[in-house]
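Subject: Handing over a structure, with notes on what was found

Dear colleague,

I am passing on the structure below, which you have not worked with before, and after it I set out what was found. Please look through the sequence and the model first, and then read the notes beside them.

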Amino acid sequence: MSEETDSKDVSSKSEQDWRSELDAEQFHVLREKGTERAFTGKYWDLKDDGIYRCAACGEELFSSETKYDSGSGWPSFYQPASEKSVDELPDHSHGMIRTEVVCKNCGSHLGHVFPDGPPETGLRYCINSASLDFKKDGED
Ligand code: FE
């Protein structure tokens, strides 16, 4: 079997393992489905070229090429990096009907996807900065 990404095998990880590996905000967002406050995350206004990986497992999730300014205060993308990047799940919490976006590799919470995106796909992947780990093109 070929391994196309350098994401970690997370099948044996417990919540206690996650808690010790992630910082408090990352753990809250990724493992407890929290949401960072708008305009407070480290990536909502970032315009550099590069790849956004899962902050929990390293899976490649989004490319800067599909990032756009939605005005929401969260990093916004019109599509995931590949079909292997994310899963989309129905979310009826907080009295709303939304679609949750999780990392396909480790199941961690990333954000939500809404049908009000730009023309390319019509989708807005509204993702917490805390769930992402940005690597600028040309850096390791
Ligand atoms: Fe992940």
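Since much of what follows concerns residues that stand opposite one another in neighbouring strands, one definition is needed at the start: two strands are taken to pair if DSSP finds at least two bridges between them. Please also keep in mind throughout that this is a predicted model.

With that definition in hand, Val-101 is found to stand opposite Gly-111 in β7. The strands β6 and β7 run antiparallel and are joined by four bridges, and together they form a hairpin with five residues between them, where Gly-107 in the turn has a positive phi of about 80 degrees. Strand β4 (residues 76-77) is joined to strand β8 (residues 124-127) by two bridges, the two strands running antiparallel, and the bridge partner of Ser-76 in β8 is Cys-126.

How many of the six residues of strand β7 are buried? Five of them are, so this strand, which spans residues 109-114, is largely enclosed by the rest of the structure. In β8, Arg-124 and Cys-126 point one way from the strand while Tyr-125 and Ile-127 point the other way, and all of these are buried.

Arg-98, which lies in strand β6 (residues 98-103), deserves a separate word. Its relative accessible area is 17%, and because buried means under 20%, Arg-98 counts as buried. When its neighbours within four places in sequence are left aside, Arg-98 is in contact with Leu-89, Pro-90, Asp-91, Ser-93, His-112 and Phe-114.

The cysteines come next. The structure holds zero disulfides, and Cys-126 is accordingly in none, with the nearest cysteine sulfur, that of Cys-54, lying 17 Å away. Cys-126 has a relative accessibility of 10% and therefore counts as buried, and Cys-106, with a relative accessibility of 12%, counts as buried as well.

Which residues line the largest cavity? Its lining is made up of Trp-44, Tyr-68, Asp-69, Ser-70, Gly-71, Ser-72, Gly-73 and Trp-74, and by class this comes to three nonpolar, four polar and one charged residues.

Glu-21 is placed in helix α1 (residues 15-21), and at 42% relative accessibility it counts as partly exposed. Not counting residues up to four places away in sequence, Glu-21 touches Lys-8 and Lys-13. The C-alpha atoms of Glu-21 and Phe-114 are separated by 30 Å, and the two residues are 93 residues apart along the chain.

With best wishes,
A colleague

Technical notes:
Residues are numbered from 1 along each chain as its sequence is written. This is a predicted model: local features need pLDDT of at least 70, side-chain atom pairs count only at pLDDT 80 or more; totals for chains, interfaces and linings use all residues. Side-chain values use heavy atoms; hydrogens and water are left out. On a 1 Å grid over the protein atoms alone, a cavity is a set of points where a 1.4 Å probe fits but cannot get out, and a pocket is an open set with protein on both sides within 12 Å along at least five of seven lines; lining residues have an atom within 4 Å of a point. Ala, Val, Leu, Ile, Met, Phe, Trp, Tyr, Cys and Pro count as nonpolar, Asp, Glu, Lys and Arg as charged, and the others, Gly among them, as polar. A disulfide is a pair of cysteine sulfur atoms within 2.5 Å. Buried means under 20% relative accessible area, exposed over 50%, partly exposed in between (1.4 Å probe, protein chains only). Contact means heavy atoms within 4.5 Å.
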